[in-house]
Amino acid sequence: MRFGPTARIVTAVAILFAACGSDGAPTEAVAGLVAHYELDGDGTDAMGVSSGTLVGGKPVPDRSGAAGSALSFSAGNYIEVPHSDALSLSQDFTIAAWIKPSAGAAPGAFSTIFEKSDPERGGHSRYGLWLQDGRLSACFEAADNSRQPCATSSQTLALDTWQHV
């Protein structure tokens, strides 16, 4: 899994992966929590299961102004998280993040917020969250490697503003 952009600067403060019940509601917080990346200067998973390595990126103030409590990524910066079956989500789930997109991507370019690929399936992206032309896109791939339709927001996200997605 990777966190970080391919073209645009994206600042993130926390990314949370949680299993959900069939109604979409989060299951018991601790029991359903798969990974929690606070991005507090590094790629540590607060659950201790799937920590990653920071490649570039720089600590910046978070949405509350706490120094070094978020990470800013520009092209070529990311957090590399080794493959973990825990992140190969096979049931209903919720993924949430605080992001602060900045200008910089060429029109039509995708900026990665996070992307989960599967080395056992040729590195295909299993799921991910991207920004393209200021709109948020969530894409998923089926077990047979067929790409499912992406869900793309109808509204453009504001630049240089913290937003919960």
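Which backbone nitrogen does the side chain of Asp45 reach? The backbone nitrogen of His36, at 2.9 Å, a polar contact if you take that as a pair of N or O atoms within 3.5 Å, one able to donate a hydrogen and the other to accept it, with residues adjacent in sequence counting only if both atoms are side-chain atoms.

A quick word on the ground rules. This is a predicted model, where local features need pLDDT of at least 70, side-chain atom pairs count only at pLDDT 80 or more, and totals for chains, interfaces and linings use all residues. Residues are numbered from 1 along each chain as its sequence is written, and side-chain values use heavy atoms, with hydrogens and water left out.

Back to Asp45: look for it in the loop between strand 3 (33–37) and strand 4 (53–55), strands being DSSP runs of E, at least two residues, numbered from the N terminus. Asp45 is buried, meaning under 20% relative accessible area with a 1.4 Å probe, protein chains only. Still, Asp45 has no salt bridge (a side-chain nitrogen of Lys or Arg within 4 Å of a carboxyl oxygen of Asp or Glu). Leaving out residues up to four places away in sequence, Asp45 touches Val34, Ala35, His36, Tyr37, Ser50 and Ser51, with contact taken as heavy atoms within 4.5 Å.

Val34 belongs to strand 3 and counts as buried because its relative accessibility is 16%.

Here are the distances around this spot:

| Pair | Distance |
|---|---|
| Asp45 side chain and His36 backbone nitrogen | 2.9 Å |
| Asp45 and Lys116, nearest side chain of opposite charge | 13 Å |
| Val34 and Ala46, C-alpha to C-alpha | 9.9 Å |

Key: Helix = DSSP H or I, 4+ residues; strand = E, 2+ residues; numbered from the N terminus. Buried < 20%, exposed > 50% of the residue type's maximum accessible area, 1.4 Å probe, protein only. Lys, Arg positive; Asp, Glu negative; His and termini not counted.
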